[in-house]
Amino acid sequence: MIILPYGIILTVIMGACLAGIACSLMGTFIVRMKLSSLGFCMSHAAFAGSALGLVLHINPLVMAILFSIAIALFLGPIVEKAKLHADIILGIMFSLMLSLGLIFLNFAPQTAMSSTAMGILWGSVLGMDTLDIINLTILTSLIIALMILFSKEFKAIMFNRKMAEASGINTKPFYYLLLFLTGITVSLSLKLVGGLLVFALIVNPTSIVCQFSYDIKKIILFSPLCGVGCCLIGILLSFLLDFPVGSSIAIFSSIFFGVAVIFSPKRRRG
Amino acid sequence: MNNHSKYNYIIELLNVDTIYEGESIPAIRGVNLKVKKGEFLCIIGPNGAGKTTLLETINGLLEHTEGKVNVFGKEIKRFGSSIRKEVGYVPQGFSVSSLMPFLVKDVVLMGRFGKIGLFKSASNEDYQRVKKAIELVGIDGLLKKPIGKLSGGQLQKVMITRALAKDPKILLLDEPFSSLDFKALAEISERVSSLHEEKNLTTLMVIHNIPSIPNQCRRVVLINEGVVIQDGPVDEVLNSESLKFVYEVKR
């Protein structure tokens with residue numbers, strides 16, 4: 001087990017809590033609106049973007065945000081009108097973005113397979129600094145504020161976008177706001193879990209909570225708590241077992257999901 | 001929608017075509033339809049005739065490709081969202097996943113969300129309207145149930161309640177009785193009809209089962225292959241040669 005200074009541990013815990021809240025809150029929308037394939041592509045686009053940032057000596061975070069938002073703007077309208085099946089988008093864009101990311105890393109002579117590059121792939125929780133915490137705090141606060149401010153609209157869209165439109169809500173700005181926020185959330189969470197696994201933090205906590213409730217209000221309330229729990233236990237496991245943090249979080253949350261499915265009252269008779 | 005008195009027809013379609021993306025043949029074409037405030041109109045026609053397309057073109061959920069659609073005297077293309085705040089819509093064969101995490105009471109209240117507007121939460125008046133709609137359709141016992149656990153008929157009742165909770169000025173019903181048993185059909189048909197009478201509610205109903213056309217309906221539009229074949233009083237259309245032709249050809 002690694003012994004770390006108190007300041008670093010505090011930064012790691014705060015980062016994990018904030019990323020856990022932000023990712024799982026966005027996850028409630030991504031999962032409900034069946035945008036998983038789009039979110040998955042965005043997380044890998046963020047990985048490719050940050051790898052390109054390393055090659056071009058531009059802040060990888062800025063490039064990650066630009067790439068994931070570009071993917072959202074490009075794929076958003078395609079998914080929106082169901083012009084392409086989600087599986088096709090996932091298959092093509094996932095492999096394209098992963099390939100681009102790996103090629104970019106290859107072109108970064110000093111950084112390929114270095115700790116920075118590996119950090120983008122698998123996360124480097126110990127590399128989190130005060131600026132990351134400030135960014136995540138602003139993002140998490142923004143997401144919570146928007147969710148409270150537009151809770152009616154988001155709930156209606158999560159239930160059924162066409163029916164939300166029929167009730168007189170202009171759903172397009174909210175749809176793109178969700179994609180935009182997902183892009184930023186994914187990019188800011190890269191340091192914690194890495195580009196390959198950030199999507200586990202978006203999908204898994206919500207999917208776990210969904211096993212226990214039919215009430216969307218409870219799901220929105222408990223998903224962030226579950227996300228924080230998954231992050232903290234994942235980090236603890238990674239310190240204890242010397243695993244990469246992203247992998248530990250993904251493995252723990254996946255096991256938790258499996259257990260939730262087994263014990264879900266939704267699958268019980270009587 | 002404060003300028004209701006400025007128009008002659010509450011719904012006006014002028015030479016309207018609607019083509020689905022990726023298609024070359026319009027699902028409806030050259031449709032001219034004028035509906036006065038308070039009219040009760042039924043739209044009939046065989047499967048695939050364009051009845052649902054017509055309803056969704058009227059409320060702007062489908063964008064028309066030719067012609068003009070005005071509702072409350074305003075162009076649906078420009079004012080779609082604000083128009084839809086006053087239009088109740090019950091879609092055909094609406095279904096949800098059995099794991100859908102929404103309770104019936106939340107889904108019904110959602111019908112009013114557009115009307116409540118941005119940055120506001122539901123007021124007492126909103127809850128009163130919802131309560132009235134629930135009593136009218138008689139779904140009190142379902143309110144705390146997950147929406148995905150309802151039967152087809154129960155879900156249809158919830159969607160009707162949701163549309164009525166809005167207290168709409170126009171009601172668009174797409175085969176609203178298709179999943180209802182005979183008793184529920186008779187009850188809801190009677191309640192929708194009485195609502196039409198009490199509130200002078202403009203009602204357009206797509207209906208498959210011709211004998212289920214409510215008594216309050218005075219006008220029937222017969223549509224086939226995207227074209228309005230006949231539009232007139234109920235008896236006239238139901239006894240017309242066109243009706244026999246349309247259905248015999250299909251048979």
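This is a predicted model: local features need pLDDT of at least 70, side-chain atom pairs count only at pLDDT 80 or more; totals for chains, interfaces and linings use all residues.
Start by selecting B:Asp167. You will find this residue in the loop between helix H6 (152-165) and strand E7 (170-174) of chain B. It has 19 other C-beta atoms within 10 Å, so B:Asp167 is partly exposed. Check its backbone too: phi is near 55 degrees, a positive value in a residue other than glycine.

Next, select B:Phe72, in the loop that links strand E4 (66-71) to strand E5 (74-75) of chain B. Here again phi is positive, about 55 degrees, and the residue is not a glycine. B:Phe72 has 23 C-beta neighbours inside 10 Å and therefore counts as buried.

Now go to B:Val158. Together with A:Ala22, B:Val158 touches the most other members of the largest nonpolar core, which has 163 residues. Helix H1 (residues 6-32) of chain A gives this core its largest share, 12 residues. Leaving aside residues up to four places away in sequence, show the contacts of B:Val158, among them B:Val104, B:Ile139 and B:Leu150.

Finally, display helix H6 (residues 130-149) and helix H9 (residues 171-193) of chain A, whose axes come within 10 Å and cross at roughly 150 degrees. The two helices are therefore roughly antiparallel to each other, and the crossing of H6(A) and H9(A) is left-handed. To see where they meet, colour residues including A:Leu136 and A:Leu139 in H6(A) and A:Ile184 and A:Leu188 in H9(A). The residues of this contact comprise 6 nonpolar, 2 polar and 2 charged.

Key
Residues are numbered from 1 along each chain as its sequence is written. Chains are lettered from A and ligands numbered from 1 in the order in which they are written. Axes are lines fitted to C-alpha atoms, for helices over the stretch in contact, and angles run from 0 to 180 degrees between N-to-C directions. Helices (H or I, at least four residues) and strands (E, at least two) are DSSP runs, numbered from the N terminus. Angles under 35 degrees count as roughly parallel, over 145 as roughly antiparallel, 65 to 115 as roughly perpendicular and the rest as oblique. A crossing is left-handed if the near helix is turned anticlockwise from the far one by less than a right angle, and right-handed if clockwise. Two residues are in contact if their C-beta atoms, placed from the backbone, lie within 7 Å. Ala, Val, Leu, Ile, Met, Phe, Trp, Tyr, Cys and Pro count as nonpolar, Asp, Glu, Lys and Arg as charged, and the others, Gly among them, as polar. A nonpolar core is a set of buried Ala, Val, Leu, Ile, Met, Phe, Trp, Tyr and Cys residues joined through C-beta atoms within 7 Å. A residue is buried if 20 or more other C-beta atoms lie within 10 Å of its own, exposed if 12 or fewer, and partly exposed in between; C-beta atoms are placed from the backbone.
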